Amino acid sequence: MPATAHVRELTADDLDAAWELGRFAFGSDPQRPANASAVVPGLTRYGAFDDAGRLVGKAVDLHHDQWWSGRAVPAADVAGVAVAPEARGRGVARAMLTALLAGARDRGAAISALYPTVAAPYRACGWEAAGVLRTVDLATASLPRHRPASHLAVRAGTPADLSAVADLYERVTRHRNGMLTRRGELFDFFAADGGLPGDGLTLVEDDGNLVGYATWQRGRGYGADSVLTVDEALAVTAEAARELVGVLGSWASVAPTLRLCPLDGDAVSPHLPLESARDHERDLWMHRPVDVARAVSARGWPAHARGAVDFALADPLAEWNTGTWRLSVADGAAELTRISGEADLRLDVRGFALLYAGAAHARSVAQAGLLHHGAGVDPAALDLLVAGGPAQLLDYF
């Protein structure tokens with residue numbers, strides 16, 4: 001294997017080899033899914049090849065958008081990174097991710113997120129841990145009992161309701177940070193069959209308007225090990241949240257365990273006995289900018305945030321981000337402009353990722369060695385980049 005891999009976008013002719021590489025890397029079922037070798041809109045597949053033309057690595061750029069304080073920010077979310085065992089430790093993943101970032105910038109992406117199997121290689125490429133997608137188990141019988149509200153209607157959903165479900169999801173998520181918009185060609189492709197997401201869809205309506213929903217997987221059996229998996233439970237009123245929790249609690253006699261991903265600060269979580277929750281799974285996710293100027297200008301900012309700060313940024317994989325910048329924030333918007341000269345604050349791209357995602361404040365970033373400053377310089381000036389609160393993901397990709 002040469003020190004430098006040959007990286008290019010994969011074509012339809014490469015997809016069989018890419019699927020086999022991923023199957024071995026992730027231990028997937030040898031039975032190939034129907035769309036394993038299909039050309040899927042809304043994503044770009046990259047491959048690394050050795051001198052003999054053999055595929056030795058692959059990575060996928062998912063053309064997502066993420067909500068950031070009311071505005072949709074184009075993202076290059078990374079998935080399916082795999083390297084053949086004989087080629088590991090030779091810079092293959094780094095070469096693919098470098099090409100992916102460049103391609104993503106060319107198509108207009110501003111930011112990137114991923115779920116790592118191991119964090120170190122992605123840290124070396126500029127991503128940093130920004131949050132955890134937490135899946136918890138609750139005793140279904142511990143959910144609070146609830147007397148149904150007479151002014152609310154609860155019913156089973158149908159495929160005809162999915163548009164209203166998507167609208168409610170957007171009402172809940174658009175003013176948060178990091179959540180996928182679930183729009184675009186990629187989501188349209190997988191929603192084309194028109195079926196329900198999972199085994200069931202429960203709706204709560206108020207005068208015909210959707211105010212809450214839950215999608216769930218029934219699982220198998222009805223004994224002590226039976227689990228009801230709630231893919232999503234969202235509401236826009238406390239009354240709707242109580243109705244959903246009441247419906248989920250009604251499964252206690254046949255599904256003793258309820259499994260779900262709570263959304264911080266939403267309408268449903270206050271009605272769940274989360275103090276007794278047991279972690280079922282914790283999936284670390286990481287973030288980084290693709291194009292820092294675009295990442296800053298594309299997102300929404302709190303109306304009360306105002307100020308300016310100069311800093312130098314180092315980004316070895318994306319040289320277009322490296323340089324000295326002035327961040328200016330005012331009236332719900334912000335911009336980064338290049339300036340000449342030096343800056344007292346010197347930020348690593350991983351530190352930028354932590355601040356942008358609201359995962360750490362500037363002093364903590366400095367203590368981690370990702371922000372350097374001169375004596376007497378207060379690093380907290382860069383907390384301006386933190387404005388807007390922490391990011392969260394609800395989708396695993």
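1. Let me start with Arg23, which is buried in this predicted model. Its relative accessible area comes to 18%, and because the cut-off for buried is under 20%, Arg23 falls within that class. Arg23 sits in helix α1. Once neighbours within four places in sequence are set aside, its contacts are Ser28, Asp29 and Pro30.

2. Asp14 belongs to the loop that runs between β1 (6-9) and α1 (15-26). Asp14 is buried, with a relative accessible area of 11%. Its side chain reaches the backbone nitrogen of Thr11 at 2.8 Å. Leaving out neighbours within four places in sequence, Asp14 is in contact with Arg8, Glu9 and Phe49.

3. Now to the nonpolar cores. The largest has 64 residues, and the members touching the most others are Phe311, Leu327, Leu347, Phe352 and Leu382. For Leu347, contacts beyond four places in sequence include Phe311, Phe352 and Leu382, and also Ala312, Leu313, Val365 and Leu370.

4. Another core, of 34 residues, lies apart from the largest one. Phe49, Val78, Leu101 and Ala119 are among its members. As general background, nonpolar side chains tend to be buried together in soluble globular proteins.

Methods. Residues numbered from 1 in each chain as written. Predicted model: local features only at pLDDT ≥ 70, side-chain atom pairs only at ≥ 80, totals over all residues. Heavy atoms only, no water. Helix = DSSP H or I, 4+ residues; strand = E, 2+ residues; numbered from the N terminus. Buried < 20%, exposed > 50% of the residue type's maximum accessible area, 1.4 Å probe, protein only. Polar contact = N/O pair within 3.5 Å; in protein donor to acceptor, adjacent residues only side chain to side chain. Contact = heavy atoms within 4.5 Å. Core = buried A, V, L, I, M, F, W, Y, C linked by side-chain atoms within 4.5 Å.
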